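Visitor: I have the model open and would like to go through it with you. Can we put it on screen and begin with a strand pair?
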Amino acid sequence: NKVSVQTLAEKLGKTPAEIIKSLMMRGIMASINQEVDFDTASQVAEEYGILLEEETQETLEEKMFEEEPDSPEDLVERPPVVVVMGHVDHGKTSLLDAIRKSNVTAKEAGGITQHIGASTVEVNGKKITFLDTPGHEAFTAMRMRGAQVTDIAILVVAADDGVMPQTIEAINHAKAANVQIIVAINKIDKPGANPDRVKQELADYGLLAEEWGGDTICVPVSAVTKTNLDTLLEMVLLVAEMAELKANPNKRARGTIIEAQLDKGRGPVATVLVQSGTLKVGDPIVAGSTHGRIRAMMDDKGRRVKKAGPSTPVEILGLSEVPSAGDRFYVAESDKQARHYAEILAERNREQSLRATPNKVSLDDLFSQIQSGNVKQLNIVVKADVQGSVEAVKQSLERLSNDEVRIHTIHGGVGAITESDVMLASASNAIIIGFNVRPEAGAKSVAETEKVDIRLYRVIYNAIEDIEAAMKGMLDPEF
Ligand code: GDP
């Protein structure tokens with residue numbers, strides 16, 4: 001893998017002369033059109049505080065499985081893919097269960113409902129796919145691995161409890177992913193239920209109810225008495241319709257691994273979500289660095305199926321190894337090609353784990369990333385000891401935005417820096433600013449592997465000073 005001096009200079013936002021000089025210092029004489037190897041290039045980049053990344057798994061896969069863009073007439077409507085989020089105990093699991101059960105037809109009711117990681121319900125003859133693991137952590141964990149599978153988030157807020165810390169987290173996780181939010185105001189059967197108060201509180205977080213002139217759909221429901229579940233599902237379909245979700249079913253399938261495990265009798269078992277094309281029994285597939293030929297497929301009701309189109313979750317058998325949740329899968333042209341590509345990807349992963357340098361933004365190299373045009377917006381997650389400080393830090397930092405880079409807070413909250421904060425930062429390429437708080441142990445280790453920059457401050461002015469300096473490329477390196 002090689003890169004020309006010219007390209008390297010462009011990537012690093014330097015002049016070719018500067019790069020040639022850096023190379024000379026290393027005893028390498030190169031002209032502007034000459035190529036240097038990747039290791040040399042990354043050493044030069046490091047001098048400027050930039051982590052140079054080789055092809056990512058994603059770009060490599062895209063190259064292997066390159067396909068023609070779909071023409072509009074090939075695209076047909078596909079079901080929306082939905083997750084349920086919200087504060088603990090507000091009824092996420094109950095709501096999902098209620099939706100799934102109320103949707104089981106009399107004929108199926110006797111059968112065992114299978115939990116394969118995702119399920120499909122039918123409303124007025126149209127399908128909706130639900131991811132079965134509720135919560136924004138699961139959602140962001142997938143996103144952190146590059147998987148964008150969700151179209152709509154149902155935000156569950158208990159009518160007797162209102163907006164709580166994890167409600168705010170869920171809102172910000174969904175917003176950072178550009179996912180449409182529909183609010184389910186749950187537990188309206190309870191005596192203390194106050195849906196209007198919930199709407200009021202949501203307005204403070206930018207979700208203004210439709211009936212109040214905003215564009216957020218709020219549906220009062222009860223998972224226990226099963227009130228208004230139909231309306232909720234109809235709203236999901238309405239939002240999906242407006243988003244015009246489409247895919248081409250007439251090509252080789254690709255999609256995402258939702259979950260996977262090793263089954264004693266059946267070998268590696270994976271639940272996949274088909275995102276485009278149609279997956280068929282007998283297809284040779286590549287998933288992460290594993291491959292195989294699909295031996296059998298089951299739907300979420302445990303029925304054997306021969307094919308699965310866009311937005312359909314199915315359990316598949318036949319992979320050589322267990323892939324990871326969040327891995328993408330592709331149907332190859334042949335078994336041979338599947339094996340070959342899987343080997344290339346496995347090889348790349350081995351090298352990558354030695355190098356392990358995801359190209360994340362950090363204050364140390366912010367300036368060079370701005371210069372090279374890689375960063376136009378610095379995303380930050382702000383955690384502080386009290387709400388007043390969250391606001392103060394947020395506002396003082398956002399005010400530093402200039403023509404070249406915008407500072408944008410994707411999440412702000414009170415309390416220690418959690419693993420979920422780090423996952424959000426990783427998935428959204430953000431840095432974390434902690435004010436009078438510390439990271440939890442779990443958060444610290446995830447931040448290390450994910451290379452998320454966490455900065456801790458006790459004085460707001462110091463935070464402002466650091467970001468300002470980083471934007472100008474004048475931050476003293478941290479040792
Ligand atoms: P999760 O943590 O968000 O998944 O919440 P659960 O679904 O586990 O629900 C937490 C508690 O709230 C359970 O005891 C449920 O029975 C109860 N609950 C959930 N939905 C409703 C509802 O609509 N009405 C009432 N009264 N209780 C509910």
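Guide: Let us begin with A184, which stands opposite V219 in β9; helices (H or I, at least four residues) and strands (E, at least two) are DSSP runs, numbered from the N terminus. This is a predicted model, in which local features need pLDDT of at least 70, side-chain atom pairs count only at pLDDT 80 or more, and totals for chains, interfaces and linings use all residues. Residues are numbered from 1 along each chain as its sequence is written, and side-chain values use heavy atoms, with hydrogens and water left out.

Visitor: How many bridges join β8 to β9, and are they parallel or antiparallel?
Guide: Strand β8 (residues 180–186) is joined to β9 by three bridges, and the two run parallel; strands count as paired if DSSP finds at least two bridges between them.

Visitor: What order do the strands of that open sheet take?
Guide: The order is β5-β6-β4-β7-β8-β9, six strands with mixed pairing. The edges are β5 (118–123) and β9 (218–220), each of which pairs on one side only, and the twist averages 30 degrees from one strand to the next.

Visitor: Which strands does α5 lie across?
Guide: Helix α5 lies across β4 (81–86), β5, β6 (126–131), β7 (152–158) and β8, and runs at about 145 degrees to β4. Contact here means heavy atoms within 4.5 Å, while axes are lines fitted to C-alpha atoms, for helices over the stretch in contact, with angles from 0 to 180 degrees between N-to-C directions. Helix α8 (residues 165–176) also packs on the sheet, touching β4, β7 and β8, and its direction makes about 170 degrees with that of β7.

Visitor: Switching to the ligand, which residues are closest?
Guide: The closest are D89, K92, T93, S94 and D189, among 15 residues that surround the ligand, where near means a heavy atom within 4 Å. Helix α5 (residues 92–102) gives the most to this shell, with three residues.
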